[in-house]
Amino acid sequence: MAQYGKSGYWDERYTKDPEPFDWYQRYSGVSDKVASFVKKTDHILMLGCGNSRLTEDMYVDGFTSIANIDISKVVIDQMTEKHKDKTTLTWQVMNACHLDYPDETFDCIIDKGTMDSILCGEGSTGNVAKMCSECVRVLKPNGVFIMISYGVPDNRLGYLESEEYPWQVSVQTVAKPTVSAAAIPDSKDANSVHYIYCCVKEEGKKQ
């Protein structure tokens, strides 16, 4: 089984295959959902950025203040070089479970597949709890954590909805890219959709 929770796995993968790869969705598939929660002026954290084109596509769309982190030094070095002309983007090697940022730094945090990867690793439940706690900590009041996942609500809400996290969670669905654009996705069919979990941090509440 692939060791999605280990940096060594990702270093090897990105060394062998440096071509851009987007898990689940391209930005075009989720842009309307993102726009309903995020402003162009917001300071955004991209958790587990990998070599996805999500940051690049959002930058082109006017979201220019994006901090990108990943546990793989290989991919961070690649992305730093690739986007060195975009001075408002930052790229750092960092673990999503231990964020090296002050409290209330970001207006928005985006996770496309990072929690899913952590759930495939050792100590998954504890590590996901650490990640959520860190996201709450670095989010500004009224900030939003947007998680794009293949995981169904019956499973993922168990990790996101906790009294320890002062945020309100809502769930939306988006058709998988393989599904015809003309087809109306059946939100009850887990095989036809991805899930977007939007967690809005409530003002005035502490962890």
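This section describes the fold of a predicted model, from its overall make-up to selected residues.

The chain contains seven helices and seven strands. Read from the N terminus, these elements follow the order α-α-β-α-β-α-β-β-α-α-β-α-β-β. Of the 207 residues in the chain, 43% are buried. The chain exposes about 10,200 Å². Carbon and sulfur atoms supply 50% of that area. Contacts reach across the sequence. Among those between residues at least 6 apart, 70% join residues at least 24 apart.

The seven strands form an open sheet. Their order across the sheet is β3-β2-β1-β4-β5-β7-β6, and the pairing is mixed. Strands β3 (89-93) and β6 (167-175) stand at the edges. Each has a single partner strand, so one side of each lacks a neighbour in the sheet. On average, neighbouring strands are turned by 20° against each other, with direction ignored. In general, strands of a sheet pair through backbone hydrogen bonds, in either a parallel or an antiparallel sense. Both senses occur around β5. Strand β5 pairs with β4 in the parallel sense, over six bridges. With strand β7 (residues 193-201), β5 (residues 139-149) pairs in the antiparallel sense, again over six bridges.

Ile-146 of β5 stands opposite Ile-110. Ile-146 also stands opposite Cys-198 in β7. Val-144 has Val-200 in β7 as its bridge partner. Eight of the eleven residues of β5 are buried, so this strand is largely enclosed by the rest of the structure.

Helix α2 (residues 27-35) lies across β5, β6 and β7. Its direction is at about 145° to β6. Helix α6 (residues 124-138) lies across β5, β6 and β7 as well as β1 (44-47) and β4 (106-112). Helix α6 runs at about 140° to β5.

Helix α4 (residues 73-82) was examined for its buried residues. These are Val-75, Ile-76 and Met-79. Viewed down the axis of α4, the buried residues fall within an arc of 100°, so they line one face of the helix. An α-helix has 3.6 residues a turn, so residues three or four places apart point the same way.

Aromatic side chains form four pairs. One of them joins Tyr-101 and Phe-106 in an edge-to-face arrangement. The ring centres lie 4.8 Å apart, with 90° between the planes. Tyr-101 and Phe-106 are both buried. Another pair, Phe-145 and Trp-167, is stacked. Here the centres are 5.5 Å apart and the angle between the planes is 20°. Phe-145 belongs to strand β5 and Trp-167 to strand β6, so the pair ties together parts that are 22 residues apart in sequence. Phe-145 and Trp-167 are both buried. Together with Tyr-165, Phe-145 and Trp-167 form one aromatic cluster.

Two loop residues were also considered. Asn-51 lies in the loop between β1 and α3 (54-60). The relative accessibility of Asn-51 is 4%. The cut-off for a buried residue is under 20%, so Asn-51 counts as buried. Asn-51 and Lys-82 are 31 residues apart in sequence. Their C-alpha atoms are 10.0 Å apart in space.

Cys-97 occupies the loop between β3 and β4. With a relative accessible area of 7%, Cys-97 is buried too. Neighbours within four places in sequence were left aside when the contacts of Cys-97 were listed. The remaining contacts are Ile-118, Asn-127, Lys-130, Met-131 and Glu-134.

How values were computed:
Residues are numbered from 1 along each chain as its sequence is written. This is a predicted model: local features need pLDDT of at least 70, side-chain atom pairs count only at pLDDT 80 or more; totals for chains, interfaces and linings use all residues. Side-chain values use heavy atoms; hydrogens and water are left out. Two strands pair if DSSP finds at least two bridges between them. Helices (H or I, at least four residues) and strands (E, at least two) are DSSP runs, numbered from the N terminus. Axes are lines fitted to C-alpha atoms, for helices over the stretch in contact, and angles run from 0 to 180 degrees between N-to-C directions. Contact means heavy atoms within 4.5 Å. Buried means under 20% relative accessible area, exposed over 50%, partly exposed in between (1.4 Å probe, protein chains only). Accessible areas come from the Shrake-Rupley method with a 1.4 Å probe; for residues, only the protein chains shown count as cover. The arc is that of the directions from the helix axis to the C-beta atoms. Rings of Phe, Tyr and Trp (its six-membered ring) pair if their centres lie within 6.5 Å; planes under 30 degrees apart count as stacked, over 60 as edge-to-face and the rest as tilted.
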